[in-house]
Amino acid sequence: MTYPLNSYLEAVSNPEGRFRMLDGIFPLRGPDGQPRFTVRSHTADFETEWKGGRYLLRCFLRQNQGEMEDARRMSATLTAMHSRFLPQYLYMDAEMAVTGAAGATSACDVVLQSLPDGGPLHRFVLRCADRDDSLALCSLAARIAEMSAWLHENGMAHRNIKPSNIHLSATGEPVLLNYDFASTPERPGEDNPMIDEDNLPLAAITLGLCILSCDASLYRPLGQQELLTAGGARRIAPKLCCEHVRLHAPALYSLSDMVCRSEERLCNRGELDECLEKAAAEAAAAHPGILPDGLRPRAEKTRDTQAPGIKPGLYDLYRTVGELSENLLPVQNKQGGWLYADPATGRPADGNIYQYAEKFSEGRAVVTIGGYSAMIDKKGNLLIPPQYDEVLWDAVSGTAAVSIDGMWGLCARDGKALTGMDYGWMSRFSEDLLLARKGDKFGFLDRHGREAIPFVYDQASSFCNGAAPVERDGMQLSVDAAGNETEAEETALEALV
């Protein structure tokens with residue numbers, strides 16, 4: 001049986017006598033004295049402590065037998081695997097007594113997931129950056145590579161790998177949390193067709209750690225978590241992993257090239273795992289000499305390189321100065337916060353401070369607030385709130401693709417939702433159509449969020465010259481913007497890499 005959030009909140013707030021096996025568990029509370037929790041569409045996760053350890057207590061907000069059975073199976077699978085990369089993940093039947101609005105009390109199922117002592121990955125990286133601990137970052141990059149190889153060997157596809165879902169144990173081991181979308185083979189030794197869905201985030205995280213291990217001071221100027229995401233890595237890595245890196249660290253250069261050229265996913269996990277291991281080893285052996293000094297972001301510039309329209313001396317006011325666009329300049333102050341400055345005076349355009357700020361394009365910019373991505377207008381008004389893992393603004397189409405917990409949706413330039421969070425992945429618009437994946441099928445959306453070409457394809461690539469290569473039921477086809485199909489050569493459909 002399930003209950004509304006308030007009933008669970010009351011039970012967790014007053015835990016004495018309510019738990020069958022978890023006697024002594026209590027909630028961790030925020031500054032307001034209330035239990036700390038996160039609500040998702042179907043669940044509520046409470047931060048708790050039990051027997052000296054921290055745990056996430058998951059309660060189900062609706063009666064969905066399928067979801068609950070999936071959680072039960074995943075609990076059994078993770079317990080049987082027993083790896084240092086996995087948390088304790090227990091499905092507990094009839095564990096917590098909850099009282100409903102009518103006064104009736106019944107026992108509810110919960111999921112208990114351990115939270116490692118070292119905290120989330122991004123906080124660990126920030127601590128390393130602040131004390132310039134490059135060796136710890138090298139070690140973490142190598143361990144992420146080991147985790148990737150272990151997941152591959154055991155056929156596990158997590159399908160929602162991101163910095164906030166990786167925590168560190170007390171010994172510095174990465175532990176992968178949250179298994180809502182995870183997939184494992186039905187029988188040991190079988191291939192998992194979903195295994196490659198984790199390749200791109202694993203590559204981006206390892207790439208970011210390798211770069212930071214060469215120069216930990218880059219973490220704050222480059223927007224902190226930005227470099228550990230695929231989108232951030234695509235924007236930042238090409239400026240750092242240049243010819244100099246190719247000569248001194250070829251595996252790191254190859255890893256950067258893989259991430260920057262990828263669209264939805266990287267194929268061939270075995271090849272990727274080998275590259276991750278070699279890149280981490282190169283970073284450990286050669287830091288800090290891999291990155292050329294001339295490519296490191298810095299605020300200092302000479303008068304000769306002073307950009308037109310920017311106040312002389314402005315580069316002395318800020319730690320980092322970004323790219324001028326639409327008469328606003330993203331800058332990083334001496335305390336590490338990002339803001340927008342008037343290029344003529346150097347003064348802040350408004351009173352807002354962000355963790356990271358991108359340049360404006362067609363009156364919109366993506367910023368990072370509290371570890372989440374958001375979108376603002378030129379007055380600093382929030383159009384898309386800071387609740388998404390990624391916000392990808394496309395000025396040409398006037399839309400923003402947004403992602404949270406591995407699911408994607410599309411918003412208009414005013415922030416209004418054009419679609420639900422129904423898609424497992426979204427590309428960029430090409431020729432007015434957006435390639436996306438819904439379930440295990442590909443299709444195309446228009447800039448209004450409408451389904452322009454049905455989601456019936458097993459593979460697909462973006463439009464180019466009026467057509468897109470697609471695959472359905474083993475047939476190589478070409479589809480035009482009206483959805484008309486024609487047969488194509490087998491080699492026309494390129495793998496998504």
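Trp338 and Tyr356 are both buried. The model is predicted. The two rings sit with centres 5.1 Å apart and planes at 70 degrees, so they meet edge-to-face; the cut-off for that class is over 60 degrees. Trp338 belongs to strand β11 (residues 338-341) and Tyr356 to strand β12 (residues 356-357), so the contact ties together parts that are 18 residues apart in sequence.

A second pair joins Tyr423 and Phe455, and this one is tilted. Tyr423 lies in the loop between β18 (407-412) and β19 (425-430). Phe455 lies in strand β22 (residues 451-457). The pair links distant parts of the chain, 32 residues apart. Tyr423 and Phe455 are both buried.

| Pair | Centre to centre | Angle between planes | Geometry |
|---|---|---|---|
| Trp338 and Tyr356 | 5.1 Å | 70 degrees | edge-to-face |
| Tyr423 and Phe455 | 5.6 Å | 40 degrees | tilted |

Across the whole structure, the search finds 11 aromatic pairs. There is also an aromatic cluster, made up of Tyr340, Tyr354 and Phe360.

Strand β12, which holds Tyr356, is also part of a sheet. Four strands build this open sheet, in the order β12-β13-β14-β15, with antiparallel pairing. β12 and β15 (382-388) stand at the edges with a single partner strand each, so one side of each has no neighbour in the sheet. Inside the order, strand β13 (residues 365-369) runs antiparallel to strand β14 (residues 372-376), and five bridges join them. Val366 is placed opposite Met375 of β14.

Key. Residues numbered from 1 in each chain as written. Predicted model: local features only at pLDDT ≥ 70, side-chain atom pairs only at ≥ 80, totals over all residues. Heavy atoms only, no water. Phe/Tyr/Trp six-rings, centres within 6.5 Å; stacked < 30°, edge-to-face > 60°. Helix = DSSP H or I, 4+ residues; strand = E, 2+ residues; numbered from the N terminus. Buried < 20%, exposed > 50% of the residue type's maximum accessible area, 1.4 Å probe, protein only. Pairing = 2+ DSSP bridges.
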